[in-house]
Amino acid sequence: MTPTTVIALVRHAIEIALLISAPLFIAALATGPLISIFQAATQINESTLSFVPKLMVIVLALLVAGPWVLSIMTDYMRELFESIPTLIG
C-alpha cells in the first residue's frame, strides 16, 4: 500500500465523517441562537436550559437523519471491504 493510497483512504474517511455529522451539527447550531434569544428575552440564566433543548434537537435530528446516515455508512464500509484485495496486493 503506497502513501498515496493511505492518504486517499484517510481523506475519504474524513469526508464521510463530516458528511455524517453535518445534520447533527447544523441542528445544534440552529438551536443555539434560538435558545439564547429566549434566555435573553426571559432573563433566565439557567445552564440546563441551553443543554437539554440542544440534546433533544440532536436526538430528533439523529432519528430523522438516521436511515440516511446508516446508508452512507454501509455503502462506505462495503466499498472499503471490497477494496481490501486491491489494497493488499
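This text walks through a predicted model, from its overall form to single residues.

Begin with the fold. The secondary structure of the protein consists of three helices and zero strands. Read from the N terminus, the order is α-α-α. Helix 1 covers residues 3–42. Helix 2 covers residues 47–82.

Now take the overall form. The C-alpha atoms fill a box of roughly 65 × 25 × 15 Å along the principal axes. The radius of gyration is 19 Å, whereas a compact globule of 89 residues would have one near 12 Å. Of the 89 residues, 18% are buried. The protein exposes about 6,700 Å². Carbon and sulfur atoms supply 76% of that area.

Contacts tell another part of the story.

Helix 1 comes next. A28 is found in this helix. Is A28 buried or exposed? A28 counts as buried, because its relative accessibility is 18% and the cut-off for buried is under 20%. Leaving out residues up to four places away in sequence, A28 touches K54 and I58. The distance back to T4 gives a sense of scale along the chain. A28 and T4 are 24 residues apart, and their C-alpha atoms are separated by 35 Å.

Helix 1 also holds a charged pair. R11 forms a salt bridge with E15, and the closest N and O atoms are 3.2 Å apart. Why are R11 and E15 separated by about one helical turn? The reason is that they are four residues apart in helix 1. An α-helix has 3.6 residues a turn, so residues three or four places apart point the same way. E15 is partly exposed, at 38% relative accessibility.

Between helix 1 and helix 2 comes a loop. Q43 has its place there. The backbone of Q43 stands out: its phi is positive, about 55°, although Q43 is not a glycine. Most residues other than glycine have a negative phi. Q43 counts as exposed, at 73% relative accessibility. I44 lies in this loop too. I44 counts as partly exposed because its relative accessibility is 38%, between the cut-offs of 20% and 50%. With residues up to four places away in sequence set aside, I44 touches Q39 and L49.

Which residues of helix 2 are buried? They include A61, A65, V69, I72 and Y76. Helix 1 is part of what covers the buried residues of helix 2.

Helix 2 has a kink of about 60° at A65. The kink lies shortly before the proline P67.

The surface patch is nonpolar. F51, V52, L55, M56, V59 and L63 form it. Together they have about 610 Å² of accessible area. Take L55 as one of its members. L55 sits in helix 2. L55 is partly exposed, with a relative accessible area of 42%.

Further along helix 2 there is another charged pair. The side chains of R78 and D75 meet in a salt bridge, at 3.4 Å from N to O. R78 and D75 both lie in helix 2. They are three residues apart, which is about one turn of the helix. How accessible are these two partners? R78 counts as partly exposed, at 46% relative accessibility. D75 also counts as partly exposed, at 41%. How many salt bridges does a search of the whole structure find? The search finds two.

E79 is partly exposed, with 45% relative accessibility. E79 and L63 are 16 residues apart along the chain, and their C-alpha atoms are separated by 25 Å.

Terms used
Residues are numbered from 1 along each chain as its sequence is written. This is a predicted model: local features need pLDDT of at least 70, side-chain atom pairs count only at pLDDT 80 or more; totals for chains, interfaces and linings use all residues. Side-chain values use heavy atoms; hydrogens and water are left out. Patches are made of residues with over 30% relative accessible area and no salt bridge: like charges are joined within 9 Å, nonpolar side chains (Val, Leu, Ile, Met, Phe, Trp, Tyr) within 5 Å. Accessible areas come from the Shrake-Rupley method with a 1.4 Å probe; for residues, only the protein chains shown count as cover. A salt bridge is a side-chain nitrogen of Lys or Arg within 4 Å of a carboxyl oxygen of Asp or Glu. Helices (H or I, at least four residues) and strands (E, at least two) are DSSP runs, numbered from the N terminus. Buried means under 20% relative accessible area, exposed over 50%, partly exposed in between (1.4 Å probe, protein chains only). The radius of gyration is taken over C-alpha atoms; the globule rule is 2.2 Å times the number of residues to the power 0.38. Contact means heavy atoms within 4.5 Å. The bend at a residue is the angle between axes fitted to the seven residues ending there and the seven starting there.
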